[in-house]
Amino acid sequence: MPGASYLLAVRIGPADVSRRVGVRYVGPAGDRPADVVGVLASWSEDAVAIAGRGGQVVEVPVGSLLAGTVVPPEVGAYDAELLAEAGWPAQDRERVGGWLARWDHGVTKRANSALVTCPVDDLPAQLDAIREWYATRGARAVLALPEPWSADRELDALGWIRDSPTDVLTIPTDALLVAHPAGAVRVELTHSPTPAWLAMVGRFAEREQRVLAAILTRPAVVTFASAFVDGTLVGIGRASIDTGAGLRWACLTNLNTAPAARRRGVARAVTATLAGWAYE
């Protein structure tokens with residue numbers, strides 16, 4: 001805006017090392033400012049080092065800093081849940097009061113729960129709407145929400161029961177591209193799960209297995225990993241790409257190793273193979 005002035009301030013310091021920050025500094029040419037966003041890797045008397053998304057480290061002399069601030073994570077809890085949902089989409093999905101209600105014949109809680117994607121002003125009314133949505137499908141309402149959540153006490157007071165805690169973790173894809181021994185474990189990628197692959201997921205009736213296969217193959221970009229030792233299936237894994245997020249996120253699920261084959265690098269080989277597929 002012409003004539004406007006802005007107050008620039010350096011609001012970060014050595015105590016913010018390892019946090020995500022945004023920094024404006026005098027550029028190398030000295031004629032215009034430059035900006036960098038990344039993890040504050042180090043802070044010394046002379047310079048700060050900031051690691052960007054691609055791992056490139058930018059060193060900025062302390063005397064060149066014009067502004068700096070801690071910035072929120074690129075992906076918060078609600079965002080991470082939506083990214084995970086894109087990798088496990090139910091057949092029936094509908095927005096109910098801002099939350100995402102999901103139903104797929106009762107197969108897996110993930111595909112048959114209401115994903116809490118935002119706070120609400122009138123929680124009892126919202127819960128009534130969710131209950132009604134599931135009642136029309138002959139099911140009880142289940143919520144999938146971040147923990148802790150802003151209205152945990154209200155849910156406890158209303159008699160909701162906590163169950164099935166699940167971790168949703170994020171990591172840079174290239175951090176999973178670790179070398180694994182090329183010995184006994186052989187990993188194959190396929191476009192769809194085999195009956196043996198599905199059997200390793202869990203015990204499902206024939207109809208439930210068909211529903212599960214439909215859920216797992218529903219993402220537009222998906223692959224299934226099978227690990228073999230001496231021709232025997234000993235491990236599985238799955239990865240899908242969230243095309244709605246600009247191909248920037250992959251979702252890894254269904255990592256499982258046969259009990260007799262554990263502690264032999266099977267999961268490491270499967271994870272590295274899926275990460276390589278996602279990276280490409």
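This is a predicted model: local features need pLDDT of at least 70, side-chain atom pairs count only at pLDDT 80 or more; totals for chains, interfaces and linings use all residues.
Within α5, the buried residues are V211, L212, A213, I215 and L216. The elements covering the buried residues of this helix include α4, β11, β12 and β13. Beyond its neighbours within four places in sequence, L212 is in contact with W88, V107, T108, L198, V201 and F204.

**The four-stranded sheet**

Four strands form an open sheet in the order β10-β11-β12-β13, and their pairing is antiparallel. Its edges are β10 (185-190) and β13 (250-257), each of which pairs on one side only. On average, neighbouring strands of the sheet are turned by 20 degrees against each other, direction ignored. Strands of a sheet pair through backbone hydrogen bonds, in either parallel or antiparallel fashion. Between β10 and β11 (residues 221-229), which run antiparallel, there are six bridges. T190 has F224 of β11 as its bridge partner.

Two helices pack on this sheet, as the table sets out.

| Helix | Residues | Strands touched | Angle between directions |
|---|---|---|---|
| α5 | 206-217 | β11, β12 (232-241), β13 | about 115 degrees with β11 |
| α6 | 266-279 | β10, β11, β12, β13 | about 30 degrees with β12 |

**Nonpolar cores**

The largest nonpolar core contains 18 residues, of which W88, W197, L198, L212 and L216 touch the most other members. Two or more residues of this core come from each of α4 (195-201), α5, β11 and β12. The greatest contribution is that of α5, with five residues. Apart from this core lies another, of 17 residues, including A101, W103, I130 and A151. In soluble globular proteins, nonpolar side chains tend to be buried together.

**Residue A86**

A86 belongs to helix α1 (residues 77-86). The C-alpha atoms of A86 and R218 are separated by 9.3 Å, although the two residues are 132 residues apart along the chain.

Note on methods
Residues are numbered from 1 along each chain as its sequence is written. Side-chain values use heavy atoms; hydrogens and water are left out. Two strands pair if DSSP finds at least two bridges between them. Axes are lines fitted to C-alpha atoms, for helices over the stretch in contact, and angles run from 0 to 180 degrees between N-to-C directions. Contact means heavy atoms within 4.5 Å. A nonpolar core is a set of buried Ala, Val, Leu, Ile, Met, Phe, Trp, Tyr and Cys residues joined through side-chain atoms within 4.5 Å. Buried means under 20% relative accessible area, exposed over 50%, partly exposed in between (1.4 Å probe, protein chains only).
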